[in-house]
Amino acid sequence: MKELLRRSWVGPLAALVAVYALFSVLAPATFPGGVNLTTMLRQTAVVAVSSLGMTFVILLGGIDLSIGSAVALTSVVVARVLQSGAGVVAAVTLGVLATVVTGWLNGVLAARGKITPFIVTLGSMSVLRGVAKGLAGEQKIDADPHGLEHLMTAGAGAALPAGVWLTLALAVAAAIVLHFTVFGRHVLAIGSNENTARLCGIPVERVVVAVYALCGALTGVAGVLEFSTLTVGDPTDSIGLELEAIAAVVIGGGSLAGGQGSVAGTLLGALLMTVIKTGCTHVGLPNWVQEILTGVIIVVAVGIDRLRRR
Amino acid sequence: MIDVGDVQRRLLTFALVAAFAVFGCSKRGAPGGAGAKPNVPRLRLALIPKGTTHEFWKSVHAGAVKASRELDVDLVWKGPLKEDDLKSQIDLMQSFVAQKVSGIALAPLNDKALVSSVNAAARAGSPVVIFDSALSGGNVVSFVATDNRAAGALAATRIAELLGGPGKLVVLRYQEGSASTHEREEGFLAGVKTHPGLEVVSDNQYGGPTTESAFAASERLLLAQNAAGGGVSAVFTPNESTTFGMLLALEKAKLTGKIHFVGFDISDKLAKAVRAGEIDALVLQKPFKMGELTVHALVDHLRGKAVEARTDTGAELLDRKNMNQPAIQELVKPDLAKWLNE
């Protein structure tokens with residue numbers, strides 16, 4: 001029992017259940033039930049996939065502020081490629097490739113250039129936003145999605161769309177990489193103590209670059225899902241997504257100092273934020289109340305989690 | 001043969017029916033408005049604007065609240081959490097469909113991206129009325145918005161009256177890809193054509209997104225057309241930022257009052273300029289009426305009445321003479337407090 005309580009995802013799971021129950025009581029007619037659950041999972045997919053990448057980065061003791069801009073960039077690249085008539089496969093490949101490259105650059109600058117990741121990605125946040133706007137000609141791009149929209153379209157009844165299954169599959173893969181591979185162990189070791197890791201012979205720079213590139217790849221997938229939701233390439237989309245992803249990781253038991261966090265916790269954290277957002281809509285709270293409430297719940301959830309672990 | 005279980009079941013059924021009858025009666029007696037019909041569930045409408053903090057949307061909200069009270073329906077007003085954010089608006093649509101609201105009114109942030117959400121809502125039994133900005137296709141009950149072409153033509157007519165003869169006109173457009181202002185500009189140009197003697201000397205310059213960019217574009221335009229030397233007799237601008245930018249440029253060039261100027265939309269500064277005679281007239285939309293008519297269209301449809309596919313909420317010219325009249329003041333400063341409890 002004690003062993004179970006020490007698991008980092010127990011706290012966020014308890015918070016999720018409590019908040020879900022609360023809104024089910026406040027809006028009993030509409031909030032509980034399959035359709036709403038599907039809707040919430042669908043709306044969590046983009047944040048969840050991008051927070052998977054963020055989990056690795058934060059475990060490493062780093063941060064990536066550029067993922068909101070990167071998601072917008074991918075949506076624009078996908079739309080542009082589709083518009084040119086090159087087909088879905090090319091669009092998705094190029095869209096993801098774009099953010100792999102930008103993630104890799106973030107990693108190189110942070111690891112080899114010895115610039116703090118916060119500063120590097122603060123810069124790339126602005127650069128990528130600018131590139132996205134330039135590429136889009138400062139407007140939303142309409143492109144026939146060629147079936148890509150079905151990734152995030154609900155099936156009959158409460159059936160989950162492919163995008164949600166993809167999210168779950170990526171989460172499982174991420175957990176396996178983190179816990180059962182040498183690479184995963186290296187990430188945790190560097191996050192816990194970089195100098196010790198270096199002394200133990202871990203190729204720190206190479207791992208850091210790989211993690212930022214991985215984060216870029218996952219962000220690219222999130223961008224494809226975002227395009228699938230919007231069905232247009234929107235260069236002004238996802239402003240502040242990076243903060244939601246960071247919040248998801250931290251609510252899920254991650255530590256900004258590195259070395260702590262889990263894939264399961266992050267998913268629960270992302271889901272918790274969607275449940276709060278949706279619950280507030282169902283109860284009919286105005287936006288300003290919702291924003292205050294979201295902030296308070298995040299701090300309380302993390303605060304309780306830290307108390308529990310003391 | 002009657003066994004004990006059967007009796008119990010009958011008793012239970014009787015008890016349930018009795019309880020339901022009592023409960024039903026008490027519910028009918030509950031305050032729900034004198035007009036509430038028995039057995040008809042109260043309508044619950046969701047209105048989704050593009051944002052919630054602009055004055056324009058507050059006026060729409062106030063008008064919607066007024067109509068919802070008159071028609072005795074429940075109203076949820078919820079804009080995207082992030083102002084002007086497409087994803088939040090799509091999320092809201094999905095959320096209201098999951099809540100199974102009776103009907104939804106939407107001011108789409110993008111004419112294509114919201115189509116599938118609107119169709120999904122209609123399939124799920126929540127019909128959708130579009131207001132303010134058009135949607136390209138989609139299963140829509142009605143479209144309630146300002147007829148921007150007509151509003152632009154209104155400005156053309158006024159300029160023709162002001163000049164009373166031949167003149168050289170300049171249009172400073174707003175931005176590429178903005179549908180509503182494009183229609184205003186085209187409506188204006190079409191209106192000008194009906195007046196022989198009026199010549200449009202420039203209609204291919206854009207003010208851009210901000211007052212700053214509109215000011216710079218206005219200065220360039222006035223210089224290029226030799227406005228100081230009498231090259232321009234009247235100016236039209238299609239929205240608030242271009243109007244304000246043009247006003248600043250005219251002030252700086254000391255041309256206010258010498259060139260006729262009809263703009264669009266209102267702010268405190270623009271109202272002051274009208275009072276000072278620097279702007280001849282401003283075209284105003286009617287957001288309060290838009291809110292009212294949107295709710296009426298949705299409720300009429302839900303109650304089985306026929307609804308027009310397109311409703312024009314109209315536009316009005318504000319000038320120095322009429323700006324203090326109550327009807328115009330209601331457009332400039334609607335009594336929001338009365339409806340929004342603010």
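The following dialogue explains how to read several features of this predicted model.

Visitor: How are residues, chains and ligands labelled here?

Guide: Residues are numbered from 1 along each chain as its sequence is written, while chains are lettered from A and ligands numbered from 1 in the order in which they are written. This is a predicted model, in which local features need pLDDT of at least 70, side-chain atom pairs count only at pLDDT 80 or more, and totals for chains, interfaces and linings use all residues.

Visitor: Where in chain A is confidence lowest, and where is it highest?

Guide: Helices (H or I, at least four residues) and strands (E, at least two) are DSSP runs, numbered from the N terminus. In chain A, confidence is lowest in helix H1 (residues 2-6), at a mean of 63, and highest in helix H5 (residues 88-111), at 97.

Visitor: Over which residues of chain B does pLDDT stay under 50?

Guide: That stretch is residues 1-37 of chain B, for which the model has seven contacts beyond four places in sequence. Two residues are in contact if their C-beta atoms, placed from the backbone, lie within 7 Å. Where pLDDT is low, the predicted coordinates should not be read in detail.

Visitor: How does the radius of gyration of chain A compare with that of a compact globule?

Guide: The radius of gyration is taken over C-alpha atoms, and the globule rule is 2.2 Å times the number of residues to the power 0.38. For 310 residues a compact globule would have a value near 19 Å, and chain A agrees, with 19 Å. The C-alpha atoms of chain A fill a box of roughly 60 × 60 × 35 Å along the principal axes. Chain A contains 13 helices and two strands.

Visitor: What percentage of the residues in chain A is buried?

Guide: A residue is buried if 20 or more other C-beta atoms lie within 10 Å of its own, exposed if 12 or fewer, and partly exposed in between, with C-beta atoms placed from the backbone. In chain A, 53% of the 310 residues are buried.

Visitor: Which residues have the most contacts inside the largest nonpolar core?

Guide: A nonpolar core is a set of buried Ala, Val, Leu, Ile, Met, Phe, Trp, Tyr and Cys residues joined through C-beta atoms within 7 Å. The largest has 139 residues, and those with the most contacts inside it are Val49(A), Val211(A), Leu272(A) and Leu106(B). Helix H10 (residues 204-230) of chain A gives the most to this core, with 15 residues. A second, separate core of 42 residues includes Ala155(B) and Met246(B).

Visitor: In what order do the strands of the parallel sheet in chain B stand?

Guide: Two strands pair if DSSP finds at least two bridges between them. This open sheet of six strands has the order S2-S1-S3-S4-S5-S11. S2 and strand S11 (310-312) of chain B stand at the edges with a single partner strand each, so one side of each has no neighbour in the sheet. Strand S3 (residues 103-106) and strand S4 (residues 128-131) of chain B run parallel and are joined by three bridges; in S4(B), Val128(B) is the bridge partner of Ile104(B).

Visitor: What is the order of the sheet with mixed pairing?

Guide: Its six strands form an open sheet in the order S7-S6-S8-S9-S10-S12 (chain B). The edge strands are S7 (198-206) and S12 (315-319) of chain B, each pairing on one side only. Strand S10 (residues 281-285) of chain B pairs with S12(B) in the antiparallel sense over five bridges.

Visitor: Where is Pro127(B) placed, and what does Pro127(B) touch?

Guide: Pro127(B) is in the loop between helix H4 (115-123) and S4 of chain B. Pro127(B) counts as partly exposed because 19 C-beta neighbours lie inside 10 Å. Not counting residues up to four places away in sequence, Pro127(B) touches Gly103(B), Ala122(B), Val141(B), His301(B) and Leu302(B).

Conventions:
pLDDT is the predictor's confidence in each residue, from 0 to 100.
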